[in-house]
Every structure is written in C-alpha cells, then in structure tokens.
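Good morning, and thank you for making time for this presentation. I would ask you to keep the display in view while I go through the model.

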Amino acid sequence: MQEGTVVRTTGNHCTVRTDEGRSVECCLKGRFKISGIKSTNPLAVGDRVLFVCSDPNDYGLICEIRPRRNYIIRKAAKLSKQTHIIAANMDQALLIVTAAMPRTSTGFIDRFLLTCEAYHIPCILVFNKIDVYDGEAKEYLSYMKDIYKQAGYACIETSALDGRGLEDLKSVLKDRTTLLSGHSGVGKSTLINAIEPGLDLKTSEVSLSNMKGRHTTTFAQMYPLSFGAYIIDTPGIRSFGMVDFKKEELALYYPEMKLRLSGCRYYNCTHIHEPQCAIKEAVEKGEISRERYENYVNIFNGEELQKDEWENR
Ligand SMILES: Nc1nc2c(ncn2[C@@H]2O[C@H](COP(=O)(O)OP(=O)(O)OP(=O)(O)O)[C@@H](O)[C@H]2O)c(=O)[nH]1
Ligand SMILES: [Mg+2]
Ligand SMILES: [Zn+2]
C-alpha cells in the first residue's frame with residue numbers, strides 16, 4: 001500500500017503524487033460513499049489516498065481516502081441537490097476578483113467568503129488585471145477593497161501582465177497549499193504562469209461580445225511551485241451556489257458581524273427586524289458595509305444570485 005496526494009481528477013480517474021514525487025494514474029476501487037456528502041466527485045484534488053499498484057507502469061487502485069482536514073464545497077448546479085467538492089486539505093483559498101473583464105459582484109464574493117468561513121478556510125482576495133482598469137473600474141476596485149478590508153480580509157492587487165503585486169502574491173503562497181478560485185477569465189491560470197513560467201498552463205482571452213471568460217481550465221489540478229508551495233488551479237465558476245446553511249448561523253460567518261453579536265438585545269436576533277440590534281447599528285454608523293449587510297439579508301431570505309449572475313458568469 002502506498003500513500004499520496006490527489007493532484008488531478010477527472011471523473012473516477014485521477015493522478016496521485018506519492019510523497020517521493022512520483023506520479024501514478026489511479027482509479028477508484030468500487031464505489032465510494034463519503035458519509036454525509038452527496039457529491040458529484042467522490043475524490044477531490046488535495047485528498048490523501050492509499051493505493052495499491054503492482055507494476056510501476058500500471059494503474060493504481062485507490063483503496064482508502066484519508067479523513068479530510070478540510071474541504072470546500074458548492075452546489076453542482078443551480079437548484080441541484082448534488083454538491084461538488086472543489087478541493088480538500090488546503091491551507092487557504094485565494095479568490096481572484098476583477099473589476100472589469102469580467103466584473104465580479106460582491107454577491108458572488110460574499111457567498112464564497114461565507115463558505116470559506118463556514119469550512120474554516122482562510123481566504124484572501126486578489127484583485128487582478130489592475131493594468132486594464134479605466135476610471136469606472138478603478139472606482140469599483142477601490143469600493144470593493146474598502147468593503148473587504150473593513151470586513152477584515154487581506155486584499156492584494158495584481159497584474160499578471162505587468163507583474164505588479166506578484167511578489168506579494170508569492171509571499172502569501174510560500175510554504176502553503178492554496179486553492180485559486182473565481183469566475184472564468186479573471187486570470188487564475190495566467191497568474192500561475194506569471195509566477196511559475198515553466199508550467200505553461202492554457203489560458204484564453206475573454207470574449208469581447210459579453211466580457212466573460214471561456215472556461216479554459218476544465219479540471220482542478222495541483223502544481224508544485226519552485227519557491228516551495230503548492231497551488232490548485234480550478235475551472236472558473238459561474239456562480240457560487242452555497243450548500244445549505246442554517247439561517248441562524250449565517251452571521252457567524254461574517255467576521256465583522258461575529259465580533260458584534262453579543263451587543264444585540266436578543267440572543268436569537270436575526271439582525272433584520274429586531275430593535276436594539278448591534279449589527280444594524282454598526283451598519284448605520286458605517287462600521288459594517290451596507291452592501292455586505294444587504295447581501296446577508298438576501299442570503300438569509302434564501303435568494304440565489306440574480307439570474308444573470310447564474311447564467312452569464
Ligand atoms: N490585462 C490583463 N489581462 C490578464 C491579466 N490576467 C489575465 N489576463 C488575461 O485574461 C484572460 C483570461 O485569463 P485565464 O488565465 O485564462 O483566466 P482563468 O481565470 O484561468 O479562466 P478559466 O480557466 O476559464 O476559469 C487571458 O487573455 C489573460 O491573458 C492581467 O493581470 N492583466
Ligand atoms: Mg484557467
Ligand atoms: Zn442583531
């Protein structure tokens with residue numbers, strides 16, 4: 001029996017990297033059911049697995065998935081009961097965001113951040129393509145940065161094209177395993193190429209007709225970086241369908257709300273209609289972003305993202 005990390009998955013087949021650095025193509029033995037998770041993919045990039053492989057040139061057979069330290073999950077499709085595990089056993093996630101070509105909404109960002117908080121995965125926001133922003137996009141960038149810095153998130157600005165911010169990016173990646181996520185076309189693969197040119201990952205231009213990405217990366221894959229790090233490139237996501245949260249827990253996943261909850265008069269305050277609510281007071285004082293709060297109310301009311309955010313992003 002050998003042990004290794006899943007670095008790429010396509011259906012029931014995957015590539016496992018052993019701890020000695022050897023790559024072995026593997027498939028799953030029989031059908032795996034992971035208790036409590038209705039997932040379209042039983043195995044995710046980052047999973048630690050035990051496998052048997054009789055001949056070094058042969059396929060490995062995965063017999064066991066080690067318990068996951070963490071994972072991040074979303075709905076496989078709109079209204080679907082099935083879920084998709086984006087990756088497992090990571091140290092942090094970077095959400096790549098752009099103010100233009102394509103434009104990322106705060107509704108999308110908040111759903112992603114909330115899921116990271118719920119699954120205990122630290123998340124950093126990376127604002128990419130700063131070289132192309134015109135006046136309006138620059139304004140939107142600084143608006144978003146103010147919101148997320150105030151909420152307590154680290155924000156990095158990058159340009160994969162002119163190299164700005166890449167040293168900052170490398171320093172947060174060093175010695176860690178990091179998931180990269182975001183809409184298609186925000187430059188996830190291009191950023192990886194910029195910090196590790198030998199990889200030569202496939203990228204493609206954003207469509208000029210609708211300013212959306214072309215879903216170039218089609219499966220998640222983990223790459224070792226030469227300065228000592230692992231990075232997981234993933235396919236762009238149209239919309240972040242959150243997996244059922246208990247409404248009363250939602251505010252716990254907003255760091256800026258969590259630290260004020262004890263100030264609400266009612267212990268079961270929903271922060272929507274109650275008097276003497278510390279959250280609403282903080283919104284009024286400008287200490288909590290109104291937009292983050294409005295997204296909270298939408299999520300609380302079970303609203304999915306707007307149609308165009310599902311269909312076009
Ligand atoms: N001007 C500019 N263009 C960028 C930057 N980063 C990426 N791009 C361009 O954006 C387009 C999309 O980049 P990709 O790296 O394919 O995007 P992705 O996020 O990997 O997209 P998917 O694989 O479809 O999810 C390419 O044409 C890149 O050259 C940047 O910082 N500045
Ligand atoms: Mg890509
Ligand atoms: Zn309250």
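Predicted model: local features only at pLDDT ≥ 70, side-chain atom pairs only at ≥ 80, totals over all residues.

What distance separates the centres of domain 2 and domain 3, taken over C-alpha atoms? The separation is 25 Å. Residues are numbered from 1 along each chain as its sequence is written, and chains are lettered from A and ligands numbered from 1 in the order in which they are written.

I begin with the domains, whose bounds come from an automatic or database domain assignment. Domain 1 covers 2-65, domain 2 covers 71-233 and domain 3 covers 247-311. Helices here are DSSP runs of H or I with at least four residues, strands are runs of E with at least two, and both are numbered from the N terminus.

Is helix 1 mostly covered or mostly uncovered? Helix 1 is mostly covered, with ten of its 13 residues buried. A residue counts as buried if 20 or more other C-beta atoms lie within 10 Å of its own, as exposed if 12 or fewer do, and as partly exposed in between, with C-beta atoms placed from the backbone. Among the buried residues of helix 1 are Phe108, Ile109, Asp110 and Arg111. Just after helix 1, His120 takes a positive phi of about 60°. In the loop between strand 8 (92-97) and helix 1 we find Pro102, which is joined to Met101 by a cis peptide bond with omega of about -10°.

I turn now to the interior. In soluble globular proteins, nonpolar side chains tend to be buried together. A nonpolar core is defined here as a set of buried Ala, Val, Leu, Ile, Met, Phe, Trp, Tyr and Cys residues joined through C-beta atoms within 7 Å. The largest such core has 55 residues, and those with the most contacts inside it are Ala87, Leu95, Val97 and Ile232. Helix 1 gives the largest share of this core, six residues. Domain 1 and domain 2 each provide at least three residues to this core. Apart from it lies another core, of twelve residues, including Tyr254 and Cys264. Leaving aside neighbours within four places in sequence, the contacts of Leu95 include Ile109 and Phe112.

Leu179 lies in strand 11 (177-181). Why is Leu179 classed as buried? Leu179 is buried because 26 other C-beta atoms lie within 10 Å. Not counting residues up to four places away in sequence, Leu179 touches, among others, Ala87 and Ile232.

Some loop residues follow. Lys174 and Asp175 are both in the loop between helix 3 (166-173) and strand 11. Lys174 is exposed, with 12 other C-beta atoms within 10 Å, and Asp175 is exposed as well, with 10. Asp175 has a positive phi of about 65° although it is not a glycine. Beyond four places in sequence, Lys174 touches Phe227, Gly228 and Ala229.

Finally, I come to the ligand. How many residues surround ligand 1? There are 26, and the closest are Gly187, Thr190, Thr203, Thr217 and Gly236; a residue is near a molecule if its C-beta atom, placed from the backbone, lies within 6 Å of it. This shell has six nonpolar, 15 polar and five charged residues.

Note on methods
Nonpolar A, V, L, I, M, F, W, Y, C, P; charged D, E, K, R; others polar. Contact = placed C-beta atoms within 7 Å.
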